[in-house]
Amino acid sequence: MFGAIVPIILIIVSALVGFFNISPLYKSVVSVKKEVNIVENSLQKIKEVELAVKKLNIDIENISSKNKDKLDVILPDSIDQIRFLNMLTIIAARRDLVLSNLKISNNENNNEASTVGSVGSKNEISTINISFSTTASYEVFKKLMNDLESSLVLMDIKSVTLSRSSAGNSEGSEVPLYTYGVELTTYILN
Amino acid sequence: MNFGKKISFIPKKPLTRKTEKTKHPVGLLLFATYFIFFATIAFYGGLYLYNKSIKNTLIEKTKELETEKTKIDPFSVVEKGEKLQKKINGAQSLLNKHLAPSSVFSILEKAILKSITLQEFSLGLDDSTGGNNDAYKNVDDKQTATDPDFIIKTKGIAINYESLAYQSDVLKKETEKRQEIKGFSIKDLSLDSSGNVSFNLSIIVDRSFLLYKNMFTANNREAQQAQVNVNVDVPAAPPIEEDVVDKNTEVKKTKTVDTNTGKEATPSLFEKFIDSFKNYK
């Protein structure tokens, strides 16, 4: 009788241990193993990211600060209006010209912005409109236009108006003088 | 008494009854159950230890992950790179679209007769066309509405109708060439007391001819490139004066030659931009 009870008890105990301990423990092991795999994958990814970041850093550092400065001049993040207008007057002064009616206005949502911004997304580049007038001879004004066009600070001339300058001609100068109105646009990165 | 029989007190058969041992199936079962029991316990123990070790591994790996995470800061670098890329792309496209309307004057100088005097003049974007306007002759329709052409509006005086007719022919020929001038119109003719004819002239100039990059002919570009190649040992560029630098000098300054080694540097993101800048020149 005793010989039959012991195996039965042992089997029952084994079954209970299997059901109440081994099964949940096994489930726990499987889930922990999954987590370990996830963490290992993340570690692998982080190492890849680390490599990519290092490569990117090298690429960025390869660009000299001088070139970065030039890029900032072509497409700045913002414009100091006073410095910008001062720059325009200096360009004009090189041709012995005086600028008048200098106006500057931000124009973030105009059509020009979208025209230019079509390169990237619409709102990546904002435009700033500048207008001025000056009195000059035809030849000198052409040189001024060339100066503005070839400036590293990117300026697109949008309109030019010309009319006879009564003031210039009354002085009896040999070269006829004209009054020019110029509207131009410069760009900033948003 | 019968003594013929040998009497012996030594039992010929074992005194105890021979009991045959029958095989008990219970013994095997017991062995099997013991085996199962101990195997179960061993498995449980092994699993418990494995679980513990794997949990420790998880904690270690998580700590390692956290350390690696804090070690690198990809977001700032990526943000920096993205901004730079955005700036390079933006600058590149702006340069491609950069306008040089001063060439309008040379177009006018070429197309307007000496007998014609232009009085007032205005140059601006012709928003009404967007590259298409039936009012003007020979309008090329390849441009899109987002890229309006330039329109020159001017008041002129011709010495007589004949002169104006000839001017019209010249402009017509220029238009037929399908180059700079896309179309023109002469309106509001009036004859004054001295016999001069005043008129309003509108000329549509193809925007693509006013692009800064088109200002330079292929020959100029080659000459500049040759100059760049000669000037490998470029002296230090002058500082940017009030943020204004002549782009004609930029080609020299941006030559990507390592002056220390004399070897051409590996083209980077920015150098690619510079290359396109040179092409743009």
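# Close-up views of a predicted two-chain model

**Figure 1. The second largest pocket has a volume of about 390 Å³.** The model shown is predicted, so local features need pLDDT of at least 70, side-chain atom pairs count only at pLDDT 80 or more, and totals for chains, interfaces and linings use all residues. Residues are numbered from 1 along each chain as its sequence is written, chains are lettered from A and ligands numbered from 1 in the order in which they are written, and side-chain values use heavy atoms, with hydrogens and water left out. A pocket is an open set of points on a 1 Å grid over the protein atoms alone, where a 1.4 Å probe fits and protein lies on both sides within 12 Å along at least five of seven lines. Its volume is the space filled by probe spheres set on the points, which are joined across faces, edges and corners.

**Figure 2. The pocket lining draws on chains A and B.** Lining residues have an atom within 4 Å of a point. There are 15 of them, and Tyr138(A), Leu162(A), Tyr178(A), Thr117(B) and Leu118(B) lie nearest the centre. At least two residues each come from β3 (155-164) of chain A and from α3 (103-111) and β1 (116-125) of chain B. Helices (H or I, at least four residues) and strands (E, at least two) are DSSP runs, numbered from the N terminus. β1(B) gives the largest share, 5 residues. By class, 10 lining residues are nonpolar, 2 polar and 3 charged. Nonpolar covers Ala, Val, Leu, Ile, Met, Phe, Trp, Tyr, Cys and Pro; charged covers Asp, Glu, Lys and Arg; the others, Gly among them, are polar.

**Figure 3. Strand β1(B) pairs with β3(A) and with β2(B).** Two strands pair if DSSP finds at least two bridges between them. β3(A) and β1(B) run antiparallel over 3 bridges. Here Leu162(A) has Phe121(B) as its bridge partner. β1(B) and β2(B) (residues 150-158) are also antiparallel, joined by 9 bridges. Leu125(B) partners Phe150(B) in β2(B).

**Figure 4. Gln167(B) sits in helix α4 (residues 161-176) of chain B.** Why does Gln167(B) count as buried? Its relative accessible area is 1%, and buried means under 20% (exposed is over 50%, partly exposed in between; 1.4 Å probe, protein chains only). Leaving aside neighbours within four places in sequence, Gln167(B) contacts Ala111(B), Ile112(B), Leu113(B) and Ile116(B). Contact means heavy atoms within 4.5 Å.

**Figure 5. Asn101(A) and Asp188(B) have positive phi without being glycine.** Most residues other than glycine have a negative phi. Asn101(A) has a phi of about 50° and lies in strand β1 (residues 99-107) of chain A. Phi of Asp188(B) is near 50°, and this residue belongs to strand β3 (residues 181-191) of chain B. Asn101(A) is exposed, at 55% relative accessibility. Asp188(B) is exposed too, at 55%.

Figure 6. pLDDT is the predictor's confidence in each residue, from 0 to 100. Its mean over chain B is 72, and 62% of residues reach 70 or more. Where pLDDT is low, the predicted coordinates should not be read in detail. For the complex, the predictor gives an ipTM of 0.74 and a pTM of 0.63.
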